[in-house]
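Colleague: Before we discuss this model, could you put the sequence and the structure up, so that we can go through the contacts between the chains and then the metal sites?

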Amino acid sequence: MTNTIYPARKIITMNPARPHAGHVAVRDGRIVGAGTLDELAGWGAYTLDDRFADKVLMPGLVEGHSHTMEGTLWAYVYCGFFDRMDPEGTVWPGLKSIDEIVERLSEAAGRLEDPGRPLAGWSLDAIYYGNRRVNRHDLDRVSTERPVGVLNASGHILNVNSKALELAGLLKTGLDHPGIPLGEDGLPTGEMKGPDAMAPLGPYTGFDRDLLSCDEPGLRRFARLCVRTGVTTAADLANTLPDEAVDMMLRVTAEPDFPARIVSLRRFYGVTPEELIAHVLALRDCSQNNLRLGIIKAVADGSIQGFSARLRWPGYYNGAPEGLWYIPPEHLLEIYERAMAAGVQVHTHTNGDEATELALDCVEAALRKHPSPDHRFTLQHCQMADAAQFRRMARLGMCVNLFPNHHFYWGDQHYGITVGPERAERMNACATALASGVPLAIHSDAPVTPLGPLFTAWCAVNRRTATGRTLGEHERIGVADALRTITLGAAYTFKLDGEIGSIETGKRADFAVLEDDPESVGGAALKDVRVWGTVQGGRIFPAAGI
Amino acid sequence: MAPGGRQPGPLPVTIVGGYLGAGKTTLINAMLRRAGGRRLAVMVNEFGALPIDSSLIEAADDRIVSLTGGCVCCSYGEDLVSSLAMLAALDPRPDHVLLEASGVAFPGAISGTVGLLQDFVLDGIIVLADAETVQRRAADRYLGSTVRQQLAQADLILLNKCDLAADPEAVEAWLGDVAPSARIVRAKQADVPIEAVLGTRTDGSAVTAGRRFRDHTAGYVAAELDPPAGVDPEALARLLADPARRLLRAKGFVRRPDGAMAALQVVGSRWTVSDAPAGALPGLVCIGLKDQADPAAVRRAIREAETGARPTG
Ligand SMILES: [Zn+2]
Ligand SMILES: [Zn+2]
């Protein structure tokens with residue numbers, strides 16, 4: 001019954017009654033209290049552990065929308081334009097030219113023994129290489145023997161070499177497909193655009209399986225990334241959760257040194273809405289401390305940069321057609337109704353504002369049928385919602401999890417091509433959400449953008465694009481709001497705010513351990529705050545030793 | 001395996017699209033029931049109110065080979081490809097795949113993927129429309145453009161539930177504007193002959209010379225013709241696909257002027273010409289609606305393609 005008391009340079013508690021403290025007392029993985037040493041000594045015997053004496057503690061960060069697939073993808077070659085840290089802490093420098101991409105892939109190919117084995121890369125961002133597109137001839141320089149496939153950062157383009165095309169039977173003239181550009185020789189250039197064109201190449205390039213249900217090494221890698229980014233609870237937002245995956249996740253997350261709490265949502269796929277509810281209720285009963293199950297994920301539309309998000313009139317700035325539904329509206333309504341009746345929470349991917357409108361209509365209709373207090377149905381991404389939609393969300397008791405990272409990675413494209421200047425400036429309207437009283441979270445959607453709530457907070461505070469434009473000054477939020485959003489805010493969307501998200505009596509002893517003080521570095525430096533590691537459930541995980 | 005142990009050709013895939021409630025499952029059940037000697041593989045999706053009749057799937061004589069679950073939606077392309085590969089690997093191999101698209105999928109996008117797969121060939125796109133509700137759906141705030149695009153991508157539209165609609169003629173006229181390149185077939189309970197949906201079976205020898213339209217199923221006619229040698233198959237296919245001909249389907253083999261045999265297939269306005277399998281005999285089967293298709297017009301098309309293939313003055 002001995003408490004451990006940690007003095008710290010500063011403890012940011014998110015408890016408004018005492019927003020800062022100098023000490024925190026921990027017992028049995030939970031927080032006894034935060035305050036002065038004198039106050040905490042009143043709880044009885046303690047040992048003083050001063051390892052964090054020069055650190056800043058925050059509530060463990062909560063990533064409200066990521067995918068454990070981020071861990072799986074690190075088995076492939078990182079080909080992104082921006083620097084990115086891998087689960088082992090190595091920062092892979094961004095690749096600034098096509099030659100550099102070829103070079104990194106060639107190095108990786110050199111390490112493979114089997115000459116026929118596919119080489120897969122990920123996170124290529126074609127828009128950053130000027131007018132020059134990566135083509136099969138570039139990737140042929142990596143190998144003409146083995147198939148090579150590189151997935152784009154957006155997930156909507158797959159670049160392949162000639163061997164991959166040949167294996168798929170597509171290295172031929174006469175192809176007529178909107179997603180397959182042809183070269184002057186009449187053969188495909190190797191850029192496969194959109195899921196319809198990418199699909200035939202999947203089996204030959206290593207992208208054929210359902211990447212969204214994670215594998216064991218991927219899950220472990222993902223958890224190491226959590227430690228490095230100060231995350232103690234992270235969503236795995238779209239898993240079909242087959243029994244084998246659930247068994248594996250239950251086993252791995254229960255290990256004494258597994259450092260993160262995974263909230264894995266059951267994606268609506270392959271079952272009826274009725275079966276979905278039954279599965280989720282059964283899953284909910286399997287939950288354990290570090291694996292939380294029992295929430296539904298539905299996907300209403302596609303993505304903005306893939307032009308598959310459903311936009312309201314007048315649609316896409318460049319005139320592209322109005323996008324795709326990924327679920328029949330009747331099914332969305334049925335899921336909502338059944339979920340409301342069963343007391344199950346639903347998180348819905350909506351990117352375009354028409355998809356958001358549909359989700360709002362369906363929530364409203366479902367609520368009329370099954371009035372459901374504190375349902376906390378959450379819209380994920382919800383990037384294009386306007387002020388009226390935020391007001392509706394507030395009235396309907398909904399939460400929103402916005403995607404400010406988009407401003408940095410694709411903001412210039414949204415401004416110039418996809419949605420146009422005006423709507424690009426209102427995208428991911430964090431300030432409007434807060435002003436409307438909609439409970440707010442913000443996310444990375446890792447692996448779409450890198451895991452890192454402090455970076456996401458920086459995006460919400462600064463709204464800077466990669467070229468330095470501030471996109472929507474009036475939607476910037478303050479540092480305090482941003483920090484609350486990546487802790488309590490995200491916890492609220494999973495109904496975990498009574499358990500995690502702040503440093504106060506009775507909650508889980510989950511801390512982000514920081515070298516710098518995010519409250520004093522200034523909003524512009526938020527992304528540069530150094531993470532020492534985490535404390536999760538009272539267990540200490542230094543990033544350096546993970 | 002094809003007769004004589006030859007490498008089987010690509011597996012034909014017919015896409016069945018249309019919004020929820022239009023009768024996709026009813027149609028698939030009807031096709032399974034009428035499969036005859038065909039080994040149909042079915043990929044269903046969406047788990048609608050109406051299940052696929054499992055007694056049909058468990059048919060003892062093994063003619064209906066498989067049923068897979070899974071959501072066929074263009075956003076899950078990789079699942080589509082792996083599920084199709086699974087069907088193609090079945091032993092015995094199916095003769096034909098019926099692929100049910102999700103209620104919000106664009107069948108044209110799925111056909112684009114199927115067209116890229118080396119072991120498969122797109123047969124055609126059938127889109128069902130509920131005569132009672134399709135116009136209301138097409139005006140729906142959320143669904144309208146999706147429903148209209150699905151219809152526009154069809155080779156054949158099955159205008160279903162005509163018995164329930166107040167004015168099926170008006171719906172058919174409206175469909176003509178929404179989907180100008182599709183042939184429209186009216187039906188109740190998705191009751192149509194399998195030949196109209198999946199085409200006739202031609203493995204190189206199945207066409208028998210008949211040279212006349214004969215009664216088939218009520219409302220439909222099939223012409224079995226013996227085209228002369230020296231026909232330009234591309235010209236003939238284009239003529240048969242012409243909406244003026246009002247054929248639902250045509251399929252068969254014709255001899256080119258240079259003596260080579262070509263396989264020809266027409267589904268609505270879509271046509272393809274490829275090399276015929278070895279040993280194929282000339283013959284052509286055309287299917288149309290009894291009150292629409294004109295055998296004389298088909299014969300004229302053949303004559304036109306014949307002269308068109310010869311050097312002219
Ligand atoms: Zn999403
Ligand atoms: Zn996501």
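Colleague: How many salt bridges does the rule find across the interface of chain B and chain A?

Modeller: This is a predicted model, and side-chain atom pairs count only at pLDDT 80 or more. One of the salt bridges joins the side chains of R137(B) and E330(A), with 2.7 Å from N to O. Across the interface of chain B and chain A, the number found by the rule is 3.

Colleague: Which element gives the most residues to the side of chain B that touches chain A?

Modeller: The elements of chain B that give two or more residues to that side are α3 (77-88), α4 (107-114) and α6 (144-152). With 4 residues, the element that gives the most is α3(B).

Colleague: How much area do chain B and chain A bury between them?

Modeller: The contact involves 27 residues of chain B and 36 residues of chain A, and by class the side of chain B that touches chain A has 14 nonpolar, 8 polar and 5 charged residues. Of the area buried between the two chains, 58% is on carbon and sulfur atoms. The total comes to about 2800 Å².

Colleague: How many residues apart in sequence are the parts that H67(A) and D445(A) tie together?

Modeller: The zinc ion (ligand 2) is coordinated at 2.1 Å by H65(A) through NE2, H67(A) through NE2 and D445(A) through OD. H67(A) lies in the loop between β6 (61-63) and α2 (69-73) of chain A, whereas D445(A) lies in the loop between β21 (440-442) and α17 (453-462) of chain A, so the parts that this pair ties together are separated in sequence by 378 residues.

Colleague: What distance separates the zinc ion (ligand 1) from the zinc ion (ligand 2)?

Modeller: The separation of the zinc ion (ligand 1) from the zinc ion (ligand 2) is 3.5 Å.

Conventions
Residues are numbered from 1 along each chain as its sequence is written. Chains are lettered from A and ligands numbered from 1 in the order in which they are written. This is a predicted model: local features need pLDDT of at least 70, side-chain atom pairs count only at pLDDT 80 or more; totals for chains, interfaces and linings use all residues. Side-chain values use heavy atoms; hydrogens and water are left out. Contact means heavy atoms within 4.5 Å. Buried area is the accessible area (1.4 Å probe) that two parts lose on being put together, summed over both. A salt bridge is a side-chain nitrogen of Lys or Arg within 4 Å of a carboxyl oxygen of Asp or Glu. Ala, Val, Leu, Ile, Met, Phe, Trp, Tyr, Cys and Pro count as nonpolar, Asp, Glu, Lys and Arg as charged, and the others, Gly among them, as polar. Donors are N, O and S atoms within 2.8 Å of the metal (3.2 Å for Na, K and Ca); water is not among the atoms, so sites may look incomplete.
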